[in-house]
Amino acid sequence: MNCGNLLRFAVSRLRSLPLKEKLLLCEVLSDPEDFAALCKSDLEQILQRHTRIKKWNPAEQLAEAAEDEKALTRGDFNYTFYWDKDYPPLLREIFDPPFLLYFRGNLPDPEKPGLAVVGTRYPSGNGLREAFRLGLEAGGSGIAVISGLAKGIDNAAHKGNTSGGGRSVAVLGCGIDFMYPRSSIPAAHEMLKAGGCVLSEYGPGTEPRKYNFPERNRIISGLARSV
């Protein structure tokens with residue numbers, strides 16, 4: 001087990017901390033043992049502020065981090081940290097970039113533009129056709145559609161993009177082992193076969209929660225040149 005990565009996975013589990021504070025912890029702490037020894041007052045001294053963390057249990061965070069690292073040895077799961085070379089460079093320019101991205105497939109090519117598509121989960125038939133057409137035309141021009149894999153407009157745009165030869169990118173509001181919603185699983189598999197990507201900032205095993213979806217939207221916009 002890589003001790004450096006174990007520390008980073010543990011830090012990434014501190015959902016209430018912004019990127020700059022996660023990076024600071026990784027600078028100050030040398031290894032998982034340092035993290036395990038932290039009490040809440042130590043943490044707040046490093047951050048120079050009071051936190052809203054009600055239950056501070058570093059041993060539990062490290063156990064979850066070990067499970068994350070173990071999960072990444074199964075199947076085709078992968079990850080990239082903020083400072084890694086393959087981390088999408090456009091994401092570094094948004095407000096509070098994700099500290100860690102989990103992904104399946106191929107991360108988007110930074111040299112090629114991406115088009116974010118967002119829309120209702122309950123579109124009209126004409127809306128579905130237009131979303132598919134937009135994705136298809138983008139794919140034919142080598143432009144990836146970046147969306148949320150939700151049913152409705154997102155799903156139609158992803159399908160059109162893959163059909164047009166695009167390397168579509170889905171940003172999830174859950175772990176990459178969930179592929180939510182289930183109705184979009186076929187589209188996700190087609191995207192991966194076509195060289196696309198499914199990614200998330202949430203660790204494996206994280207279930208879809210309603211507050212995750214607005215939060216993940218900043219990643220969708222950050223990967224795209226236009227929306």
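Residues are numbered from 1 along each chain as its sequence is written. In this predicted model local features need pLDDT of at least 70 and side-chain atom pairs pLDDT 80 or more, while totals for chains, interfaces and linings use all residues; side-chain values use heavy atoms, without hydrogens and water.

Start with the empty space. Rolling a probe the size of a water molecule over the atoms shows where such space is left. The search uses a 1 Å grid over the protein atoms alone: a cavity is a set of points where a 1.4 Å probe fits but cannot get out, a pocket is an open set with protein on both sides within 12 Å along at least five of seven lines, and lining residues have an atom within 4 Å of a point. Points are joined across faces, edges and corners, and a volume is the space filled by probe spheres set on them.

The largest pocket holds about 600 Å³. Its lining has 26 residues, with R13, L14, R15, Q61 and E64 nearest the centre. Helices (H or I, at least four residues) and strands (E, at least two) are DSSP runs numbered from the N terminus. Helices α5 (58–71) and α9 (212–222) each give at least two lining residues. The largest share, four residues, is from α5. By class, the lining has six nonpolar, eight polar and twelve charged residues. Here Ala, Val, Leu, Ile, Met, Phe, Trp, Tyr, Cys and Pro count as nonpolar, Asp, Glu, Lys and Arg as charged, and the others, Gly among them, as polar.

The second largest pocket holds about 330 Å³. It is lined by 24 residues, and P108, D109, K112, P113 and A144 are closest to its centre. This lining splits into 13 nonpolar, seven polar and four charged residues.

One cavity reaches 30 Å³ or more. The largest cavity has a volume of about 40 Å³. Its lining is S12, R15, K22, P98, F99, L100 and E201.

Two of those residues, R15 and E201, also pair up in a salt bridge, at 3.7 Å between closest N and O atoms. The partners sit 186 residues apart: E201 in the loop between β6 (197–200) and α9, R15 in the loop between α1 and α2. A salt bridge is a side-chain nitrogen of Lys or Arg within 4 Å of a carboxyl oxygen of Asp or Glu. The count is ten. R15, E201, E215 and R218 are linked in a network.

D68 and R13 form another salt bridge, at 2.8 Å from N to O. D68 is in helix α5 and R13 in the loop between α1 (3–12) and α2 (19–28), 55 residues apart. D68 counts as buried because its relative accessibility is 1%. The cut-offs are under 20% relative accessible area for buried, over 50% for exposed and partly exposed in between (1.4 Å probe, protein chains only). R13, at 23%, is partly exposed.

E44 lies in helix α4 (residues 40–47). E44 is buried but has no salt bridge; K40, the nearest side chain of opposite charge, is 4.2 Å away. For charge, Lys and Arg are positive and Asp and Glu negative, with His and the chain ends not counted.

V145 lies in strand β4 (residues 144–147). At 0% relative accessibility, V145 is buried. Beyond four places in sequence, its contacts (heavy atoms within 4.5 Å) include L115, V117 and A157.
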